[in-house]
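Let's walk through this one in questions and answers. Have a look at the model first.

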Amino acid sequence: MVPSEDAAPLLDVDHILADPGVRIVVCCGAGGVGKTTTAAALALRAAERHGRRTVVLTIDPARRLAQSLGLTELDNTPRQVKGLDTDSGGELHAMMLDMKRTFDDVVLQHTDPAKAAEIFANPFYQAMSSTFAGTQEYMAMEKLGQLHARGEWDLIVVDTPPSRSALDFLDAPARLSRFLDGRMLRLLLAPARSGGRSMFSLVTASFGMFSKVVQKVLGAQLLTDLSGFVAALDSMFGGFRQRAEQTYRILQARETAFLLVAAPEPDAVREAAYFAGRLREERMPLAGLVLNRVHRPTVTTPDATESLAAADRLAELGGHEATVDVLRAHAALLQQSAREQQVAASFTEAFPAVPTVAVTAQPADVHDVDGLRTIGAAISRP
């Protein structure tokens with residue numbers, strides 16, 4: 001069955017957006033299901049309809065959010081969206097995570113200028129801050145924590161990467177802790193903690209002939225760069241790890257609402273179910289499922305079988321091409337709707353208590369604020 005009042009509780013999105021106790025809404029889901037548009041539409045509705053000072057943070061590298069909000073670009077600083085209905089007293093700001101800029105800000109906040117300059121020049125830092133797997137999720141946690149700590153937003157709406165990456169977002173504190181506490185990292189930190197002996201000296205003293213192999217493969221300069229980078233981590237990231245863990249606890253708190261976003265397609269619904277299971281395991285507050293791009297026939301009779309049979313008879317008679325096309329299109333829509341109901345049922349059967357809202361497929365993509373208003377209304381008033 002399609003998610004409905006009979007299959008699952010109906011998701012009341014307006015209640016979530018208006019609740020002053022909810023300060024963070026996290027939108028999660030597979031790629032290509034309208035998650036970025038949903039996040040922007042919810043943030044816009046919270047600002048215009050419910051008078052909340054809202055910021056939407058996108059971690060997805062796609063640029064559609066800026067375009068739909070009428071902004072030329074998004075960066076690491078919240079930018080106010082102009083031209084909105086502010087009669088309710090709300091505001092909307094938008095930003096896109098710049099992981100290197102956020103990483104640089106962390107360094108500047110927790111080291112002196114001379115040390116920061118040394119870290120910025122380190123090749124390992126340059127690589128990690130720009131391209132290393134997991135850095136984006138670590139910095140997303142950092143940025144979310146910063147926005148929350150500033151206390152100037154009534155509501156923060158987070159648009160995460162596709163769901164398996166969003167799981168990295170949830171796992172960031174634990175992964176960072178494992179990295180910082182790892183045996184290899186402690187070994188690399190030994191020179192800095194023991195009076196500044198070089199990495200190469202440590203390796204030579206500890207491993208003898210093995211060090212020559214390491215030097216040939218990596219080079220002495222590379223080992224020196226690595227030693228300097230790891231020493232910087234030791235002095236800088238204890239505080240970051242603590243803040244990331246605090247943010248993780250915030251994500252478990254009553255003030256956070258996770259919304260799953262999916263399309264009525266097997267892969268997207270499977271991802272949503274996988275994420276719902278993880279949220280349940282992590283005791284994080286799953287508010288509901290937004291099922292986007294659902295096809296709902298306004299006329300259900302004749303049914304698909306009758307419609308196809310009638311089309312075949314008229315085709316044999318000839319001279320009724322337009323009617324044949326309409327009957328077959330009607331049958332195809334009914335069949336598509338039935339398939340979508342079956343796909344959606346796999347989620348509602350597994351998670352019957354999760355509130356759900358089905359949003360009818362729109363005739364065109366969203367490119368502006370008016371389109372976002374339409375989507376927000378469709379989600380909030382199904």
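On a 1 Å grid over the protein atoms alone, a pocket is an open set of points where a 1.4 Å probe fits, with protein on both sides within 12 Å along at least five of seven lines; lining residues have an atom within 4 Å of a point. Grid points are joined across faces, edges and corners, and a volume is the space filled by probe spheres set on the points. This is a predicted model, so local features need pLDDT of at least 70 and side-chain atom pairs 80 or more, while totals for chains, interfaces and linings use all residues. Residues are numbered from 1 along each chain as its sequence is written, and side-chain values use heavy atoms, with hydrogens and water left out.

Q: What is the volume of the largest pocket?
A: Its lining takes in 14 residues. The volume comes to about 240 Å³.

Q: Which residues of the lining lie nearest the centre of the largest pocket?
A: By type, the lining splits into five nonpolar, six polar and three charged residues. Here Ala, Val, Leu, Ile, Met, Phe, Trp, Tyr, Cys and Pro count as nonpolar, Asp, Glu, Lys and Arg as charged, and the others, Gly among them, as polar. Nearest the centre are Arg 293, Gln 362, Asp 365, Val 366 and Ile 375.

Q: Is Arg 293 buried or exposed, or something in between?
A: Arg 293 sits in strand S7 and has a positive phi, near 60 degrees. Buried means under 20% relative accessible area, exposed over 50%, partly exposed in between (1.4 Å probe, protein chains only). Arg 293 has 40% relative accessibility, so the label is partly exposed.

Q: Where does Arg 283 lie?
A: Most residues other than glycine have a negative phi. Arg 283 has a positive one, about 55 degrees, and at 72% relative accessibility it counts as exposed. Its place is the loop between helix H13 (266-281) and S7.

Q: Which residue does a cis peptide bond join to Thr 301?
A: Most peptide bonds are trans. In this one, omega is about 0 degrees.

Q: Which helix has the lowest mean pLDDT?
A: pLDDT is the predictor's confidence in each residue, from 0 to 100, and the protein averages 81. Over residues 192-211 the pLDDT is below 50. The lowest mean among the elements, 45, belongs to helix H10 (residues 199-207).

Notes. Helix = DSSP H or I, 4+ residues; strand = E, 2+ residues; numbered from the N terminus. Contact = heavy atoms within 4.5 Å.
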